[in-house]
Amino acid sequence: MSFPLVVVAGATGAIGAEVVRELQSRGSRVRALVREPARLTTEPEEIFVGNLLNPRTLEGSCAGADAVVSCVGAKLTLRMFTYKAEAFHAVDDGGNRSLLREAEEAGVRRFGYVSVYGGRFLGMMEYVRAHESFAAAMRMSSIGHLIVRPTVTFARLALLVEQGRKRGRLSLIGTGQAQVNPVHEADVAKALVDGLEGREDEVDVGGPEVLTWEEIGGLAAAAAGDADVRFSYLWRAQLRAALRRFTGRHGYDSAVYRISESAVDIVAPAVGERRLEDYFASLRAR
């Protein structure tokens with residue numbers, strides 16, 4: 001047990017919940033730093049209610065901790081109106097910087113952060129820039145750091161199955177030929193805790209299978225009950241993204257990122273053995 005007590009920020013999220021389970025399986029105690037305790041799906045030993053956007057609520061959150069893990073980030077959203085949505089720069093960068101300062105003051109030894117894979121070739125769009133800005137702050141910190149960059153996670157792709165069930169169809173952007181190796185949240189969590197214990201600084205993680213978005217769409221459609229799969233022209237997606245500027249910047253930034261990931265191969269070093277088809281099958285059985 002390298003870290004007797006670990007603070008996990010964002011423990012109510014898909015990756016955060018798996019990080020809690022992974023740490024507990026290795027004998028660590030977990031203090032979950034969350035805004036809404038009722039949303040927890042795990043049983044951490046301690047719960048600390050705080051909001052990264054309000055630094056005063058973080059005071060004491062890291063006291064006595066050996067390590068901190070942040071899985072906190074603003075959500076990618078395709079809602080049309082996003083004026084009140086939490087922006088990437090505010091949460092992924094600013095909010096995490098507040099938590100990092102709290103960890104520094106508490107004398108924490110290690111700080112792990114779940115970022116996003118693909119910044120080197122997706123360009124510095126706002127979603128990526130916010131993650132990488134905080135990563136730069138981590139490198140300058142006195143605390144030992146770990147940055148884990150996963151590709152698209154299974155939980156995010158579960159939304160395709162949900163869309164197919166509700167509408168009888170699901171929509172994808174472009175030709176569907178760009179490749180990605182999606183990764184299960186539990187495999188991200190294992191890689192993160194391994195990295196913390198192994199003193200690694202940066203780890204890129206993807207799943208064991210490289211799939212095209214067309215193949216992913218087909219698997220999701222089957223899990224949704226043979227829903228139709230439709231591909232929209234790239235120029236139409238770009239036009240819709242441009243219109244989102246007038247309904248909220250967060251929606252625009254989310255749309256730009258989704259367009260980019262649909263057109264570029266995003267393949268990271270493979271970890272784990274969990275397959276997307278099996279994951280979708282488990283959703284169909286629920």
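A residue is called buried here if its relative accessible area is under 20%, exposed if over 50%, and partly exposed in between (1.4 Å probe, protein chains only). The model is predicted, so local features need pLDDT of at least 70 and side-chain atom pairs count only at pLDDT 80 or more, while totals for chains, interfaces and linings use all residues. Numbering starts from 1 along each chain as its sequence is written, and side-chain values use heavy atoms, with hydrogens and water left out.

Helices (H or I, at least four residues) and strands (E, at least two) are DSSP runs numbered from the N terminus. Helix α7 covers residues 213-223, and its buried residues are Trp213, Ile216, Gly217, Ala220, Ala221 and Ala223. They line one face of the helix, because they fall within an arc of 160° seen down its axis; the arc is taken from the directions from the axis to the C-beta atoms. After α7 comes Gly225, with a positive phi near 95°.

Strands pair if DSSP finds at least two bridges between them. Strand β4 (residues 67-70) runs parallel to β1 (residues 5-9), joined by 4 bridges, with Val68 as the partner of Val7. β4 also pairs in the parallel sense with β5 (residues 110-114), again over 4 bridges, and there Ser70 stands opposite Tyr113. Ala67 and Val69 point one way from β4, Val68 and Ser70 the other, and all are buried.

A nonpolar core is a set of buried Ala, Val, Leu, Ile, Met, Phe, Trp, Tyr and Cys residues joined through side-chain atoms within 4.5 Å. The largest has 59 residues, with Leu99, Phe111 and Phe280 making the most contacts inside it. α4 gives the most to this core, 7 residues.
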